[in-house]
Amino acid sequence: MEMLRVATAGSVDDGKSTLIGRLLYDTKSIFSDQLQAVERTSQQRGDEYTNLALLTDGLRAEREQGITIDVAYRYFATPRRKFIVADTPGHIQYTRNMVTGASTANAALILVDARKGLLEQSRRHAFLASLLRVPHLVLCVNKMDLVDYDEGVFDAIADEFRNFAAKLDVGDLAVIPVSALAGDNIVSRSANMPWYEGASLLHHLEELHIASDRNLIDARFPVQYVIRPFSSDHPDYRGYAGQVAGGILKPGDDVVVLPSGLPSRIAAIETMDGPVAEAFPPMSVTIRLEDDIDISRGDMICRPHNQPTVSQDLEAMVCWMGDEPMRPGGKYAIKHTTRPARTMVKDLRYRLDINTLHRDESAPTLALNEIGRLQLRVTAPLFTDPYRVNRTTGSFILVDESTNATVGAGMVL
Amino acid sequence: MTTAHYELTHLDALEAEAVHIFREVAAEFERPVLLFSGGKDSIVMLHLATKAFWPAKVPFPVMHVDTGHNFPEVMEYRDRRVAETGVKLLVASVQEAIDKGRVREQTGPRASRNPLQTVALLDGIEEHDFDAAFGGARRDEEKARAKERVFSFRDEFGQWDPKNQRPELWSLYNGRRHRGEHIRVFPLSNWTELDIWQYIEREGIELPSIYFSHERTVVERDGMLLWPNEHVPLLEGEQPFEATVRYRTVGDVTCTGAVESAASTVDDIIEEVAATRLTERGATRADDRASEAAMEDRKREGYF
């Protein structure tokens, strides 16, 4: 059974909570004590029907105010896949939460109300999913029961969305007509829409081809931890532990270690379960090399003729997540793979309006939830690939050194 | 383990993620500790930690927050497992906190030391100056936990501020903290109860015997089956009876209920869990029934 990570976005009105509730309910992932708690609360609040949104609103303030504050993670499984749903709120801190949820997602689920069609918000969702390089995008045209399951309504919305998505970098797009409330096309194909020939939402998510979402070509192994037992059983053992960030590594491969540039060869790839013939993302393994060279956390093992960019200068799209605006010329801590360093903001090239995609080159700074292109100077060289080539070696976070808050999410261009 | 298409099973992917988290903490923190109760989640954590650093030993101690109201089978298991692993065991004792006057014990027949664990835990963290504490909490357990980060920041009072959490992107964890603050780390965040059992089965991990079906004298109280003993005195009119039960969670004997079950092997339990309609905390934990926000309130104060 494989694991699939899905990010959903939208507001309460477009039926996102009902959709998630439906998926959880129909895959038997809601337990009766959870359902009873929700029913109790619904009654106390005087809701007319059992409000499935209460399943996802975990914090007291959220239930009191009827809003969702933070990214919530939900889990369900079918015999074919285990699903992790990052459920992000539509209104408060929207960009920050959606970017967080999308950063690890294989698929993004965007909902629109069939009666209202595409909203500015739908376009914003699609843009952020493409910026975060979520490989699969699914547009659910919801509440089809309220437009009499009309094919024309669906086609118009689907066409408009496809035209918009063509301007973005969207790898794989599916558009599905659904009614979350009535259960149409959620788990199984609906008899109410015989004109729709595609898969139900759940079936589509079960069948998504996700193996090629990862980069299996460019071998990248950021050294995370050096294992040295100093025990009588393993007096000279020296292993480089880490999670494969790209490509396929095999014993016998010629490698080079960055930043030193020293060459070696893979002697063995191991875990406690025994030797590994091939290591690929996202496996956590330990690599031993044939030569005794000085390697520490933050170094990177790669192939001699396929190396990442080694540079102290970065050009990156950055989503600002700090309550305080970015300080032009300011210094921040940066974490990239397993390599910490410090960085200075050299230039804000432009700020991007995520509704119009307009680039404002005169913008002085980035405030909370704003996105822009930055030029950064780093205190030590980083080993990067463009984010579109590798989401692991192309991403970084910025941290405020006084508050220790995570203030920026960066994607290398 | 893998197919020709370079796919990982969900258990392999979850294991790889957890191992990555253990190594991140060992690399970035000076004094981590693993919270070990002898419950299945902490047992899986210790197993994963062992794998993460093999063939070296786990480079941090484990700490048991001990209410003094334990299941003897679990204590026996704890001591044996610790000896096998060669890991150092520390005990943060609720009894000690009571003796020192740090906390006052609840009285009456329904008294529980469960809430007092927070004080013993925070005292233990402060005494040893731990800067990271691994916990076995999972996001599928409870709705406040669904919003918890993998690296969860705690201020100098050990408090959790759910509305002011650091965004967590990709697998880039922000472990920065000032002196006196610490990070709770949850390597099992993305695991479900079923994943845990499937993993226990796959890895052949041994568990305390009370997880499996056995005969026990129990009493029904507030819809739960409690084991009457010196810490759980019988109330007026309660009739103890023999039942075939097992425990789905392991905690303080005063608030941990058994479920009627004939599941005597891990395979039986996997079948039972896959078919169950109650969450494990809803079925067996009196501490979470106190109110809708019981877990959130305890977590804010510094609970696990």
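Reader: Where in chain B does Trp170(B) lie?
Author: This is a predicted model, in which local features need pLDDT of at least 70 and side-chain atom pairs count only at pLDDT 80 or more, while totals for chains, interfaces and linings use all residues. Residues are numbered from 1 along each chain as its sequence is written, and chains are lettered from A and ligands numbered from 1 in the order in which they are written. Helices (H or I, at least four residues) and strands (E, at least two) are DSSP runs, numbered from the N terminus. Trp170(B) lies in a loop of chain B, the one between strand S5 (151-154) and strand S6 (182-185).

Reader: What does Trp170(B) count as, given its C-beta neighbours inside 10 Å?
Author: Phi of Trp170(B) is near 45°, a positive value in a residue other than glycine. A residue is buried if 20 or more other C-beta atoms, placed from the backbone, lie within 10 Å of its own, exposed if 12 or fewer, and partly exposed in between. Because 19 C-beta neighbours lie inside 10 Å, Trp170(B) counts as partly exposed.

Reader: Is Asp129(B) buried or exposed?
Author: Asp129(B) is found in the loop between helix H5 (117-128) and strand S4 (132-134) of chain B. Asp129(B) is not a glycine, yet has a positive phi of about 60°. With 11 other C-beta atoms within 10 Å, Asp129(B) is exposed.

Reader: Which residues does Pro228(B) touch, not counting those up to four places away in sequence?
Author: Pro228(B) lies in the loop between strand S8 (224-226) and strand S9 (241-247) of chain B, and is partly exposed, with 17 other C-beta atoms within 10 Å. Two residues are in contact if their C-beta atoms, placed from the backbone, lie within 7 Å. Beyond four places in sequence, the residues that Pro228(B) touches are Thr217(B), Val219(B), Leu234(B) and Pro240(B).

Reader: What is omega for the cis peptide bond that joins Trp54(B) and Pro55(B)?
Author: Pro55(B) sits in the loop between helix H2 (40-53) and strand S2 (62-66) of chain B. The cis bond from Trp54(B) to Pro55(B) has an omega of about 0°.

Reader: How are H6(B) and H7(B) oriented to each other?
Author: The axes of helix H6 (residues 193-203) and helix H7 (residues 266-275) of chain B come within 10 Å and cross at roughly 165°. Axes are lines fitted to C-alpha atoms, for helices over the stretch in contact, with angles from 0 to 180 degrees between N-to-C directions. Angles under 35 degrees count as roughly parallel, over 145 as roughly antiparallel, 65 to 115 as roughly perpendicular and the rest as oblique. H6(B) and H7(B) are therefore roughly antiparallel.

Reader: How are H5(A) and H6(A) oriented to each other?
Author: In chain A, helix H5 (residues 94-103) and helix H6 (residues 120-131) pack with their axes 9 Å apart, at an angle of about 45°. Thr95(A), Met98(A), Val99(A) and Ala102(A) in H5(A) meet His125(A), Leu128(A) and Ala129(A) in H6(A). From the angle, H5(A) and H6(A) are therefore oblique.

Reader: What radius of gyration does chain B have?
Author: Chain B comprises 9 helices and 10 strands, and 53% of its 304 residues count as buried. The radius of gyration is taken over C-alpha atoms, and the globule rule is 2.2 Å times the number of residues to the power 0.38. A compact globule of 304 residues would have a value near 19 Å, which agrees with that of chain B, 19 Å.

Reader: What is the radius of gyration of chain A?
Author: Chain A has 8 helices and 21 strands. The globule rule gives 22 Å for 413 residues, so chain A is as compact as a globular protein of that length, its own value being close to this at 24 Å.
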